[in-house]
Amino acid sequence: DLHTANKSITIIGGGPGGYSAALTAAKLGAKVTLIEKNKLGGTCLNEGCIPTKALLKCAEVNHLFKKAEMYGIESTHKKFDYAKAINFKNQVVAQIVGGVEQLIKASGIKYIQGEGRVVDTHTVAIKKDAEIIKVHSQSIIIASGAKETAIPGLETDGINIFNSSQILSSEKLPTKLVIIGGGVIGVEFASIFSSLCVDVTLIELTDRLIAAEDEDLSAAITKALMRKGVTVLLDTQVQHVDHPGQNDMVLTVITGNGDVELINCDQILVCVGRQALTSDVGLSAVNIQIDDGRVRTDKFMQTNVEGIYAIGDITQSEQLAHIAYYEARTAVQHIMGMAGEVNYKAIPHCIFSSPEIAIVGHTETSARKLIKQVGVVKYPFYCNGKAVIELETEGFVKLIYDKTSGHILGVTIIGTKATELIATYTLAINNELTVMDIVNTVHAHPTLSEALHETALMAAGLDLHVL
Ligand code: FAD
């Protein structure tokens, strides 16, 4: 009986990876110790996914006010109070972190606030105040996450020059903001602040935004941001920053063609990636293998040292909270002697920009490298009744499938609620469903998810509402 299995696990790090591993292990009957040096919930709950999306909601409501008249509401735009938006964000974080604290407490997990370090294959030493506590267990899970990468010579001060976590606690709305780094985090902040009427310049070193994704997505997001008034500078490198006055900074940048430009601003946000926290967890004490700064694991999330697992942002997979949850469950199941291994074929990627972007499975480019007979259909949201009601007709659902077998290979959605809509096709790809499986699934009317159905109807040559 797995639920009475006499297993003991020590977990370092209380982010999505660590806390969810602890909860799952406790549910399966293990004796669990969870160690967190800072705040339960980690990056995701305290300075990542949750606070950014709370602020994004504030920005969206602010934006929605501009559409109010279309809906018959005659109201003058209310003043936007950024300090109150930060307060809302803090309340959301407190509520969700509080929920995790309750769950941990109720599940019989031994929670220790302190800094953990592996000292041998079965022992973690915890620095708690002036004390060192040693915990012995059969297995250890390392889930220490990642922290912001800094730009040498451009130290963040949390006053005018911020990293992503610092800017989330600043109550001062910038007037002119320069964001350095056009990856997902930089793009999301550009979306938030431009919706709050901040003058935003987004600087990216390479020749496109969100360079890890397909080129057509980079083009779409660049266009959408520029329409919102964001200045996007690609192929551009920051040389140095002068700080002549309290709220007055001048960036010297070199553009792709070698021109030197000066940009004035009152705040700078540095978003140039996140580095795995591998240095202070005792990896070298037991010779855990690291490649390119990240811990290497097998498909059960076990490191090269038997009994020691690594999950989440510290590993070589993509740095996403839902991957941390997935890897946590996989590691715990393996420790408890249950089946299961990680498979990253159906991991949704979401960008909470406006419009939102969500991708799962293959892109058109990667599918064409895989097979010859690739089918591609694109259904625009302006043909969807609910999108018309929502005044959200921008974007499309693009379905990529195997023309021979009908199997769904990948989906990209750009448009309102894309990050919610992607779940249907994630399920489809994970279970190797075909276009006809979606065609034969009745979708409620009128909903945005009908766009998912219509896309499959298009692939089957049965579409109804394509203008
Ligand atoms: P973390 O959440 O970083 O947690 C690690 C924890 O370990 C931390 O609490 C840390 O204090 C603790 N720790 C480290 N060392 C020790 C030690 N020696 N002893 C004890 N404790 C230790 N992902 C998404 O999927 N969707 C999003 O929308 C999204 N938005 C993001 C927005 C921003 C601005 C940022 C920065 C990130 C975002 N992410 C998002 C990424 C997401 O936050 C991470 O992928 C996720 O938090 C990884 O979980 P983790 O448990 O591996 O690490």
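In an unreviewed entry, UniProt lists Lys53, Gly116 and Asp313 under "binding site". UniProt positions follow the numbering used here, feature names are shortened, and annotations may be inferred rather than shown by experiment. The three residues are spread over 261 residues of sequence, and in space they lie up to 30.1 Å apart between C-alpha atoms. The model is predicted: local features need pLDDT of at least 70, side-chain atom pairs count only at pLDDT 80 or more, and totals for chains, interfaces and linings use all residues. Residues are numbered from 1 along each chain as its sequence is written.

Lys53 is found in helix 3 (residues 49-65). Helices (H or I, at least four residues) and strands (E, at least two) are DSSP runs, numbered from the N terminus. Lys53 counts as partly exposed because it has 16 C-beta neighbours inside 10 Å. A residue is buried if 20 or more other C-beta atoms lie within 10 Å of its own, exposed if 12 or fewer, and partly exposed in between, with C-beta atoms placed from the backbone.

Asp313 lies in the loop between strand 20 (308-310) and helix 8 (321-335). Asp313 is buried, since 30 other C-beta atoms lie within 10 Å. Leaving aside residues up to four places away in sequence, Asp313 touches Gly145, Ala146, Arg274, Ala276, Gln319 and Ala324. Contact requires C-beta atoms, placed from the backbone, within 7 Å.

Ser284 sits in the loop between strand 17 (274-276) and strand 18 (290-291). Ser284 is exposed, with 11 other C-beta atoms within 10 Å. Ser284 and Val118 are 166 residues apart in sequence, and their C-alpha atoms are 8.8 Å apart in space.

Terms used:
Two residues are in contact if their C-beta atoms, placed from the backbone, lie within 7 Å.
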